[in-house]
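Here are my notes, point by point, on the model you sent over. Have the structure open while you read.

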Amino acid sequence: MIPKRIRDIELSGIRKMFEMADENTINLGLGQPDFQPPEDVIEAYKSAMVEGNNGYGSTYGLSSLREEIAQHLTRYKSDITKENVLVTVGATQALKIALETTIHDGVEVLYPEPGFVLYEPQTKISGGKPVPYPVEQKHDFIPQIDELEERRTDKTKGIILNSPGNPTGGVFPKKDVEKIIEWAEENELMIFSDEVYEMMIYEGEYESFLGDYENVIAINSFSKTFAMTGWRIGYLATNKDWLEQIGKIHYYNVACPPNPTQHAVLYALKNRLDFVEEMNARFKDRRDTIVERLNDIPGIDCLKPRGAFYVFPSFDYDISSKELAMKMLDKGLLATPGSAFGPTGEGHLRFSYANSTENINKGMDVLEEVIKEIS
Ligand SMILES: Cc1ncc(COP(=O)(O)O)c(C=O)c1O
């Protein structure tokens, strides 16, 4: 018999919408860059296989890749080394084993709502109790300490954070990161920081949760950075004690991360950061287009996010986000209803601008039409 804990978990709302689209739909629902990895990175992948890197690798990941990642992370924590880095099968698996290792029955974990679809079910699967905290447009989608504190009990042992945020695009400024770390430290909470959009920042600097506080597990991925969501390489970085424990669970989870792919990611990190810059420049232009178009539509209010490739406008109409998304889908535009990211996402839509400017404009024409009809 299937345990209730598993039966109660629902299929992600993003996936449900995705299944309803056809090939003519303008897809502003995608959670992945509409680019391909650079050709020489694809060549590096092929070469890795031809050169015989097709067997099991180290559970912890390719040593040279761990070193390169650690080198990159020294900008946030100067003493980080490869011993602090574990290569994983995407951020999805990184977060899964981080929670599985550190959370036990009855422990409460705070997570952002609206927030990415992994947090609630993964906490439950680990035996923990997920407790949502709000991230609201009126606060630029940044968690507020008083609201976190209201939800903290003596069973709270961890908090999941996500900046730049999916679905909101919210990026935490330095002062907020510092305040949250201070509060977590005071209350001896584990920080699970989902930093998969770390390199997709359009203004200002990225602020990581990695630093002096030891109880941080930073989760990251190359999925978005190098437009390789299907290659399934991510990583986590944390202190050596946690890493050793998580490493054990990692082995029993996947044995090791995919071997040839890691060689290609290493090549990309060493040689093709220019690709990320170019992609970001394109995303920034598209962001400006979509934000302007959205704010021109009566009853729609959209912040200009500093990172990732999502906007999360609110709408002031008496219709649910799901109904509104269905009306758009009828006219050939796919976006994700805010409620797919938790009940407090109601009243919002998530648009991904990982699509051409032409399609973004066409999509906004559809939204304009639908809004005229319902208003
Ligand atoms: C915030 C966030 N975390 C994690 C993931 C999962 O990334 P990965 O492909 O590395 O598993 C995604 C993917 O959409 C995401 O948006």
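1. Let's start with the second largest pocket: its lining splits into four nonpolar, two polar and three charged residues. By that scheme Ala, Val, Leu, Ile, Met, Phe, Trp, Tyr, Cys and Pro are nonpolar, Asp, Glu, Lys and Arg are charged, and the others, Gly among them, are polar. The lining is made up of His-72, Arg-75, Tyr-76, Glu-198, Met-199, Ile-201, Gly-204, Glu-205 and Tyr-206, and the space inside comes to about 210 Å³.

2. A word on what you are looking at. This is a predicted model, where local features need pLDDT of at least 70 and side-chain atom pairs count only at pLDDT 80 or more, while totals for chains, interfaces and linings use all residues. Residues are numbered from 1 along each chain as its sequence is written, and side-chain values use heavy atoms, with hydrogens and water left out.

3. How the holes were found: on a 1 Å grid over the protein atoms alone, a cavity is a set of points where a 1.4 Å probe fits but cannot get out, and a pocket is an open set with protein on both sides within 12 Å along at least five of seven lines; lining residues have an atom within 4 Å of a point. Grid points are joined across faces, edges and corners, and a volume is the space filled by probe spheres set on the points.

4. Now the ligand. Its shell holds 14 residues, with Thr-92, Asp-194, Tyr-197, Ser-221 and Lys-224 coming nearest; to be in the shell, a residue needs a heavy atom within 4 Å. By class there are five nonpolar, six polar and three charged residues in that shell. Helix α5 (residues 90-102) gives the largest share, three residues; helices (H or I, at least four residues) and strands (E, at least two) are DSSP runs, numbered from the N terminus.

5. The whole structure has four cavities of 30 Å³ or more. The largest has a volume of about 90 Å³ and 14 lining residues, including Pro-112, Val-135 and Asn-162. Its lining has eight nonpolar, six polar and no charged residues.

6. Most residues other than glycine have a negative phi, and most peptide bonds are trans. The bond from Glu-113 to Pro-114 is cis, with omega near 0°, and Pro-114 sits in the loop between β3 (108-113) and α6 (119-125). Another cis bond joins Asn-166 and Pro-167, with omega about 20°. Asp-140 has a positive phi near 55°, and so does Ala-227, at about 55°. Buried or partly exposed, which is Ala-227? Ala-227 is buried because its relative accessible area is 10%, whereas Asp-140 is partly exposed at 46%; buried means under 20%, exposed over 50%, and partly exposed in between (1.4 Å probe, protein chains only).
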